[in-house]
Structure formats: structure tokens, C-alpha cells
Amino acid sequence: MPQEKEPKGITRRQFLKGATALGASALLSSCGFKGEPAGEQPTKIPSPTETIPPAKAPTQESSPIPEPTSTPEIVSIPGIILTEEYLKNAFAGIGGEEVITNGQEEVSVVQFGQEYVSQSWGEEINFANLPQSPINSLKYLVSLGVYQGQEGVYFPGKQGEEVVFPQLKDLSFPTLTLEKVPFEGEQREQEHPEWIFPQGLVLRPDTQMTVVGLLNDPKPEGEITVDKGAPGGEPNSVLVAFTDYLRADENNIPRHYLAILPLHFPADPENKNTLSLQNFLKANGYQYDSQTKEITFIDPQTEKQTRVGLNLIEEDFIKDLRQETGLAFVDQMKGELIRNPVVPYPDQMPAVWELSKQEDEKGNISFLLQEENDQGELVPYARAFYDEEKEGWKWQKILSAEEKLAQVPQIEGLKALWQEEKIIYQAEANNPYGLEEGEYAGEFVPN
């Protein structure tokens, strides 16, 4: 493997340097809001009732009465059910001229989408079209939190203490920085990497993670799996968004990727050698309750606890979100970071498929997607390759021999035969060229 070069870019600390107290006000903030909600509200997921044991009385009358101890404040923020309809209506009634600020500059919500959101996701995201694209609405919300420098509990509907998107008043995302993650080599040796999407995901210290919500559909439909069962059955999964500051563009806008991680493995919740959400949280000092699905943030000054319940993503929405995470992740090529590491799904997927990674002698990486034919055999379907000039992945359909023959020119008196990577023409009987039957007459090499 080529020696990894030190990538150029900015760190998250440099990115947020100089930010005002706006971003800090969201850290460990309470769940109170100003303003009235507009439109249909999401269903809340109730959190368990907290109980605090009473103080014990002294056992003897002569015993000194202990000084009363204060119980740390506990704030519970329940998750909600995220549906396509909810995200379509997230920005209903917003004209586009409303101002978004990160404490250093102000920008309209339309301009923010054009200049920041689109760059951060590597695709055009039009604010006016968000009601038709719930996934783009979700991406917009993730980018907004990163732009504002939010850490801890991020409320997309608020800016400081002001409610700017009333429809989102009940929505919260745990947002935190992963200072400790396994290094690239260690990540390749993790147990159960097949439960992480995109495949081959590479993370580095100081990566920011936004926890979007829980899934109950861990495997992509149609993927061939062999002995990939997690211990104790399939794990629950969680959709997250990672922020990559090393791939920031010339305007210092970082890249975002959606990813799916196992929450934890049911039969082995203490497994520490998997890239699961539970292990990420524990490694970085956050408390996580695998029973209630809550992340706890503790204020070191006041010991105030903020318990955030994870959102639950509607089942009908999962398939589209899974495709947005991509099939595979390629961190580097020829020893250099590439701008767009996520290999997307092709426009059409076969019913049953398998993906394999390939690398040539020049260090170029490609992916072969195979489909299962009627005889149960795997045959080539499409190939993905990286366009270095356009800095993006492209899919090329692999035609069968019959499909290729149907596209070549038909010549009277000649028979076309497929041989390796070219078409061979042979003479037929009674051809007008004076050739013997079966005699070579020429060849054609398709693109």
C-alpha cells in the first residue's frame, strides 16, 4: 500500500476558531423553545421516568445529621420519529430571506444552501426544492449545525435561543467530536466490517459526528452475504453524518458523508473491536445506555446531565437513506486523498448482487458489481471508476456478449462473432465478397 501522505486541509479547531458564544449556547442546552409550532408535529418517543433514591436517615439519634447534598440536575430530551413527510415540511413557510449566522458572518438560507450545503455534500442542493427531497432537507440540517459550530445537543429549529424553524422545534441531534478513533490500519482489522456502510469507511481523530437516528434494517436488500451474521443475530443500526475537515475546499467548507454503523451487538455489548456507535461514544467519554438508547452529556462545571434519546427513522424511508450512504469508501488513490471518496450506487441495481474492489498496477481503484443470473451464477453487471479530472465516480454498464453484438454494425454476407474484447467478422456462404465460408473478413473493437 502506498505511504499515506499528510493531507492538506484545516482542522476542526481552526475551522471554529473565533466563533462567538452562539455555538456554545447550544451545548447542553435545555429543551425549552419560544414560539408556536406550525404544521403537523412529529410523534415523540417517550423516555423512561427518572427516579432519584431518597437520602438515608441517620441510624442513631446521637449520629450527626449529614449535610444535605445537591442532586445534579437531569434534563431528558426525547427523540422523535423521522419520516419523509416530516422532513419535506421542515422548511414550510420559510421565504428564503431569513438570516443564518455562525457568530462571524450572516447569510440568507437560500445563499447558505447554494454556497455551503451544496459544497459540503458535493452535489447541488436547491433550497426551493427541499419539499420534494426529504434527504436533501436532512443534509441541509446537518450542514447547518456544522456551520454554526454546534456541539453536544444540536437543535436545528433554533439559532441561539431563537426559534427560526418552528416545524423543527422538537428535533434534536447529538453532535460530538470523535477525538479518539482507531487509525486506518486498525480500522481495516475491525471485527464485523460488513455491518458498516459505506464499506471501507475510514475515519480520523477530530472527525465530527452527528447522530441522525436509529434504523431497524441493517443489511442492504439483495446483497449476497456469506457467514456474516453478527454474534447473537443482526445488530440494530444507526444513521450518522461525518464531517471531514481534511477534505475542505478552497473556501474552507468541509465535506460531509452519511454512514450506517451498528449500534451494538446484542450478544456481545462489550465488544470493543467493532466500529459501533456504542464503542465510539465510550472511547470518547460519553455515557450511553444501550437499553434506553440515550446519550448522556455531563456539564463538568455544574454536573448537569442532559440525556438525549436517539431519533427513530421510519421504515419506509430507510431504503433511500441507505443508498445515500453509498456502496464503498475509498480514502486514497495512488497515495493521495481523493476529493470524493464515496462510491455511489448506480442508477439501477440488480436484484441479487456482489461488489468487489480491484486495483491495477498504476494504483487506480475500481469496483466490479456482479449480478446473479437465472442459473445462479455471478456475471459482470457494471464497473465503477474514478474520474480524476472531474473528481467523481462514474459507473459503466458491462454489456453481455449478446448485448454487444446487437450494437455492432451488421454487414451483409458476414457473420459477427464475439472473441475476447473484439468482434470478428467471418464470411457466410454465398457472400458477395468472394470469400470462402468461415474465412476471416475483418474485426470491430467497441468502446
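Reader: Let's start with S12 and S13: which residue in the turn of their hairpin has a positive phi?

Author: Keep in mind that this is a predicted model. S12 and S13 form a hairpin, with four residues between the two strands. In that turn, the residue with a positive phi, about 60 degrees, is Lys293.

Reader: How many bridges join S12 to S13, and which residue in S13 does Tyr288 stand opposite?

Author: The two strands run antiparallel, and three bridges join them. Across from Tyr288, the residue in S13 is Ile295.

Reader: Moving on to S13 and S14, which residue in the turn has a positive phi?

Author: S13 and S14 pair in the antiparallel sense over five bridges, and Glu294 stands opposite Gly309 in S14. They form a hairpin too, with six residues between them. The turn residue with a positive phi of about 60 degrees is Glu303.

Reader: Which strands stand at the edges of the sheet?

Author: The sheet is open, with four strands in the order S1-S14-S13-S12 and mixed pairing. An edge strand has a single partner, so one side of it is left without a neighbour in the sheet. The strands in that position are S1 (74-77) and S12 (287-289).

Reader: In what sense do S1 and S14 pair, and which residue in S14 is the bridge partner of Ile74?

Author: S1 and S14 (residues 305-309) pair in the parallel sense, over four bridges. For Ile74, the bridge partner in S14 is Gln305.

Reader: Over to the helices: why is H5 oblique to H8?

Author: H5 (residues 134-147) and H8 (residues 315-325) pack at an angle of about 60 degrees, with their axes 11 Å apart. Angles of 65 to 115 degrees count as roughly perpendicular and those under 35 as roughly parallel, so this one belongs with the rest. That makes H5, relative to H8, oblique.

Reader: How many nonpolar residues are in the contact of H5 with H8?

Author: On the H5 side the contact is made by Pro134, Ile135, Leu138 and Lys139, and on the H8 side by Phe317, Asp320, Leu321 and Glu324. Charged residues number three and there are no polar ones, while the nonpolar count is five.

Reader: Which residue just after H4 takes a positive phi?

Author: H4 (residues 109-121) has buried residues including Phe112, Tyr116 and Trp121. Just after the helix, the residue with a positive phi of about 70 degrees is Gly122.

Definitions and conventions:
Residues numbered from 1 in each chain as written. Predicted model: local features only at pLDDT ≥ 70, side-chain atom pairs only at ≥ 80, totals over all residues. Heavy atoms only, no water. Axes fitted to C-alpha atoms, helices over the stretch in contact; angles between N-to-C directions. Parallel < 35°, antiparallel > 145°, perpendicular 65-115°, else oblique. Contact = heavy atoms within 4.5 Å. Nonpolar A, V, L, I, M, F, W, Y, C, P; charged D, E, K, R; others polar. Pairing = 2+ DSSP bridges. Buried < 20%, exposed > 50% of the residue type's maximum accessible area, 1.4 Å probe, protein only.
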